[in-house]
Amino acid sequence: MKKHLRLIIEIVLGLLLAGALAFGYWSYSGKKHIMSELTEASEGASEVQQELDKLTKELEEAKEKLEETEPAAKQLDAVKESFANGVVLQDYEAFIKAQKGPVTSERQLGLGALRLLTKGADDPETVSAFQKALEMAEWSSRVKSICAAQNALAAAGQKVKVLADCALEKEAKAHKKGHVHWDYAGDMGPENWGDEFPTCGKGQKQAPLNITGPFEKSKDVLVVNYKEGPLKILNNGHTIQVNVEPGSTLKVNKDVYNLLQFHFHRPSEEQIDGKPMAMVAHFVHKSAEGKLAVLGVLLSDGKDNAAIQTLWNNAPKSEGPEVVVDKVKFDPSSLVPAALTHYSYEGSLTTPPCTEGVNFYILKTPVDIGKKQVVDFPFKRNARPVQPLNGRKINAN
Ligand SMILES: [Zn+2]
């Protein structure tokens, strides 16, 4: 019983501290986004309160039955009483006064939390205690305190939604550029994309596909008209991408699509009869009406590819913004085979948010890439697994 009681007291104190810190932060910065999390945190607090009430009741019931639980019940009452009458606050204030040297920000925050607990949020001294604490500490260290309190609660078995800023700290690298984090493996891997990006999980026309017969006869005629332009290349953390200036087009029958960019996956995302190729290049196009079309060029193990070498020589090794390589001009058609026979199907973006309504044209003729060139691609594996067909037809010509 005693152990249980101590845990409950610790949880309540931890929650109050976390709530108080969040309250302090909110009043300090006026950041509204934290309020929803704070509300949830306080819902968590009321759950703990309910649990505490329940336990108090249990203790009271037990007290009637068992003499030996009396000290525990008294201890709990004593704790509640000492908060209510301000004894703990007085003790803590005395403790802080007795310390040599400056008060640490953590202790100042603790003082604020105790004031909040004892005198309430309306008490001007509560607010000033927090303000003083906030002036003392860098926000990063405040976040650390909040996150530590949250982690302690989570470890104690409490359901606590981690504050946005704690998540930020946890995945600081992923969030520093301001985009939502996803990956090709681990917690944020393809099987979990649907958590953050619903279409990735619920979509019925997702890509890539395993391309296998029987096929419908395709009557689509493709015309590739790509032009040489300055090399604009970037490593976006998921692939090497080349951005293309306006003027390069793909015609599908009478529809004209403008080439926006092309990028690479290793191995190829598309499979032919269950087998991927070494890599694939995706040429992403958009029509004036906003329709998307992807031309896929499969890259198979073979001779070194001069066009690929030009790209790899200029591709940034780590994530960063677009680099314009002044002296290098690049013609995207140098990566496209002469024969444009293809498989086609309706699919989606193969990266989050997995938006559907993308027409895929995967060329049947692969292009060579050297084995070392495959190894030199800075992403070991950046291919989404093949997706269910869900009754779609794959066309071929
Ligand atoms: Zn792609």
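Analyst: Below, each label is set against its definition.
This is a predicted model: local features need pLDDT of at least 70, side-chain atom pairs count only at pLDDT 80 or more, and totals for chains, interfaces and linings use all residues. Residues are numbered from 1 along each chain as its sequence is written.

User: How many helices and strands are in the chain, and what makes a run count?
Analyst: The chain has 13 helices and 16 strands. Both are DSSP runs, numbered from the N terminus: helices are H or I of at least four residues, strands E of at least two.

User: Why are β4 and β12 called paired?
Analyst: Pairing needs at least two DSSP bridges between two strands. β4 (residues 229-235) and β12 (residues 323-330) have 5 bridges, so they pair, and they run antiparallel. L231 stands opposite V325 in β12.

User: What makes β4 and β5 a pair?
Analyst: 4 bridges join β4 to β5 (residues 240-243), in the antiparallel sense. N235 stands opposite I240 in β5. The two strands form a hairpin with 4 residues between them. In the turn, G237 has a positive phi of about 90°.

User: What makes a set of residues a nonpolar core?
Analyst: Its members are buried Ala, Val, Leu, Ile, Met, Phe, Trp, Tyr and Cys residues, joined through C-beta atoms within 7 Å. Buried means 20 or more other C-beta atoms within 10 Å of a residue's own, with C-beta atoms placed from the backbone. The largest nonpolar core has 50 residues; M279, V280, A281, V297 and L299 touch the most other members. Strand β11 (residues 292-302) gives the most to this core, 6 residues. Another core, of 7 residues, lies apart from it and includes L109 and A129.

Methods:
Buried ≥ 20, exposed ≤ 12 C-beta atoms within 10 Å, placed from the backbone.
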